[in-house]
Structures are given as C-alpha cells and as structure tokens.
Amino acid sequence: MRAGETLDGEGGYTVWGKLVSAERSLVEGALPIGLAHKVRLKRDVAVGEVVRWTDVDVPDSEAVRVRREMERRFAPPPAIAAQ
C-alpha cells in the first residue's frame, strides 16, 4: 500500500493479522490489528510487512490510550528490546 492510503481493519481487504507474542509486538512496535481501522499510512508498506505505530496516523481514542498505556507498563527490559 502507498502512503496516504487508509487501512480498513479486521475483516477488510487491506490488512490481515498474524499472532505474535506480546513481547515481539512491543519490541517491533507493531500496530494491533484491532486498531488498524480507518488509519492512514504515512509511508509505503510492502505486502507482508509489519505495520508499525510509526507507519500510521492513529486518531486519539480511549482504545488507543489504553493500548499505549499497556505497552508502557509491560514493555520489555531494554536488554531484550535491543536484540
């Protein structure tokens, strides 16, 4: 997909999900599929590439705030994140 295009979330045509561990998701900065609805890409993303928080403009919402707080609270130690 190209920068500027909008993801259509679960059940749509532009995204698909793959289960990964919470640790991996946090280390990679992966965007949760449940929050990939009506978000605009800031850069081109190739087929099969992980979409990261930094790749999209995510509108503020309670769900986003709760998820980001969870990520802060459960982030892996810096030694793991550096691997």
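**Exercise 1. Find which residue stands opposite Leu 41, then place its strand in the sheet.**

Step 1: Leu 41 faces Val 56, a residue of β3. This is a predicted model, where local features need pLDDT of at least 70, side-chain atom pairs count only at pLDDT 80 or more, and totals for chains, interfaces and linings use all residues. Residues are numbered from 1 along each chain as its sequence is written, and side-chain values use heavy atoms, with hydrogens and water left out.

Step 2: Strand β2 (residues 37-41) and β3 run antiparallel, joined by 2 bridges. Strands are DSSP runs of E with at least two residues, and helices are runs of H or I with at least four, numbered from the N terminus. Two strands pair if DSSP finds at least two bridges between them.

Step 3: The open sheet has 3 strands in the order β1-β2-β3, with antiparallel pairing. Because β1 (6-8) and β3 (56-57) are the edge strands, each with a single partner, one side of each has no neighbour in the sheet.

**Exercise 2. Work out which ring the charged end of Arg 68 sits over.**

Step 1: The ring is that of Trp 53, and the charged end of Arg 68 is 4.1 Å from its centre.

Step 2: The rule asks for NZ of Lys or CZ of Arg within 6 Å of the ring centre and within 35 degrees of the ring normal.

**Exercise 3. Name the helix that gives the largest share of the lining of the largest pocket.**

Step 1: Helix α1 (residues 22-28) gives this share, with 4 residues.
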